[in-house]
Amino acid sequence: MRNAEQYSHHVTIDPYGAQSTGSDLFNKAANKRCEPHFLALNMQHLVYTKRGMPVPLSYYLVGEVLWEEPTQLLQLAKMSLEGAEQDKSEREHCTRLKDLPNLNHDLERMLWKAGIRNADELQQYGAKENYLRLKAVSKHASVNILLALAGAICRTHQAALPKGVRNELIEWYKHHSAPLPKT
C-alpha cells in the first residue's frame, strides 16, 4: 500500500476516476465490481493518513507492467469510468434525506416519523404536503422547515430559492400555521 503523503507535492483528481500524483497515475475502483480486477493485477492501494489513521482509498496504482499493456489499461479505465457514471446515477436517485441540501439527521428522523423515507417521496409530495405531514408529528414545524424542504426538493440551499417561490411559501405558511378559531 502506498501512502498519499508520499505524493503531496502534486495531486490532481479528474472526474473520470484517475488521480495523478506527480509521475504516478492511480485508477479509481469506482464500485465493488471494479475492485477485484485491480486486486487480481496486484495493483497497490493508495492509502491516505487522516489524524494518524490509515484510510484506504478506492484508488490503485497503475504500475509499469500495466503501462506496457495499453489494451488492458484502457479496459480498466473504461470499467472505472462506467462504474463512476453508475455510482453518480445511483447517488442522484437513491440519496438519503440527510444528504440533501438543508436536511440534517434530526429533520430526516422527523420525515421518517411522518412517513417520508426517501428523496423520491419528498419530491413526489412537494414541500407543502411534506410540511403538513411533519406538522402532524411535530409541534416544531416552522417556516424554516418549509423553506428547507422546498430547497431540498430543488437540491439547492433554501436561501437560493427564487424570491417568488419563497414569498409564496411564506404566505402559505402564515395561512396554515394560524391557530384555529375557538368555537
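**Loops, helices and cores**

Student: Where does Asn42 lie?
Tutor: Asn42 lies in the loop between helix 1 (35-40) and strand 5 (45-50). Helices (H or I, at least four residues) and strands (E, at least two) are DSSP runs, numbered from the N terminus.

Student: What kind of model is this?
Tutor: It is a predicted model, in which local features need pLDDT of at least 70 and side-chain atom pairs count only at pLDDT 80 or more, while totals for chains, interfaces and linings use all residues. Residues are numbered from 1 along each chain as its sequence is written, and side-chain values use heavy atoms, with hydrogens and water left out.

Student: Back to Asn42. What is its phi?
Tutor: Near 55 degrees, a positive value in a residue other than glycine.

Student: Is Asn42 buried or exposed?
Tutor: Exposed, with a relative accessible area of 67%. Buried means under 20% relative accessible area, exposed over 50%, and partly exposed in between (1.4 Å probe, protein chains only).

Student: And what about phi of Arg155?
Tutor: Arg155 has a phi near 60 degrees, again positive in a residue other than glycine. Arg155 sits in the loop between helix 6 and helix 7. Arg155 is partly exposed, at 44% relative accessible area.

Student: Zoom out. How many helices and strands are in the protein chain?
Tutor: Seven helices and six strands. From the N terminus on, the order is β-β-β-β-α-β-β-α-α-α-α-α-α.

Student: How much of the protein chain is buried?
Tutor: Buried residues make up 34% of the 183 residues. The accessible surface is about 11800 Å², and 55% of that belongs to carbon and sulfur atoms. Such areas come from the Shrake-Rupley method with a 1.4 Å probe; for residues, only the protein chains shown count as cover.

Student: What share of contacts comes from residues 24 or more positions apart?
Tutor: They account for 50% of the contacts with a separation of 6 or more. Contact means heavy atoms within 4.5 Å.

Student: Now the core. How many residues has the largest nonpolar core?
Tutor: That core has 26 residues. Those with the most contacts inside it are Leu103, Leu107, Leu111, Leu122, Leu134 and Leu149. Helix 4 (105-113), helix 5, helix 6 and helix 7 each give this core at least two residues. Helix 6 supplies the largest share, eight residues.

Student: What counts as a nonpolar core?
Tutor: A set of buried Ala, Val, Leu, Ile, Met, Phe, Trp, Tyr and Cys residues joined through side-chain atoms within 4.5 Å.

Student: What is Leu107 in contact with?
Tutor: Leaving aside neighbours within four places in sequence, Leu107 contacts Asn102, Leu134, Ile145 and Ala148. There is also a second, separate core of nine residues, which includes Cys34, Tyr60, Leu66 and Leu73.

Student: Which residues of helix 4 are buried?
Tutor: Leu107, Glu108, Met110 and Leu111. They cover an arc of only 160 degrees around the axis, which puts them on the same side of helix 4. The arc is that of the directions from the helix axis to the C-beta atoms. The buried residues of helix 4 pack against helix 5 and helix 6.

Student: And which are buried in helix 7?
Tutor: Leu169, Trp172 and Tyr173 are buried there. Down the axis of helix 7, the buried residues fall within an arc of 105 degrees, so they line one face. The face turned away from that buried side carries the exposed residues Lys163, Gly164 and His175.

Student: What covers the buried residues of helix 7?
Tutor: The cover includes helix 5 (119-137) and helix 6 (143-154).

Student: What span should helix 7 have?
Tutor: Helix 7 (residues 163-177) has 15 residues and should span 21 Å; its end C-alpha atoms are 21 Å apart, which agrees. The expected span is 1.5 Å times one less than the number of residues.

Student: Last topic. How many aromatic pairs are there?
Tutor: Two. In one, the rings of Tyr131 and Trp172 have centres 5.8 Å apart and planes at 80 degrees, so the pair is edge-to-face. This pair links distant parts of the chain, with Tyr131 in helix 5 and Trp172 in helix 7, 41 residues apart. Tyr131 and Tyr173 also form an edge-to-face pair, 5.7 Å centre to centre with 75 degrees between the planes.

Student: What are the cut-offs for a pair?
Tutor: Rings of Phe, Tyr and Trp (its six-membered ring) pair if their centres lie within 6.5 Å; planes under 30 degrees apart count as stacked, over 60 as edge-to-face and the rest as tilted.

Student: Is Tyr131 buried or exposed?
Tutor: Tyr131 is buried, at 1% relative accessible area. Trp172 is buried at 13%, and Tyr173 is buried at 18%. Ring pairs link Tyr131, Trp172 and Tyr173 into a cluster.
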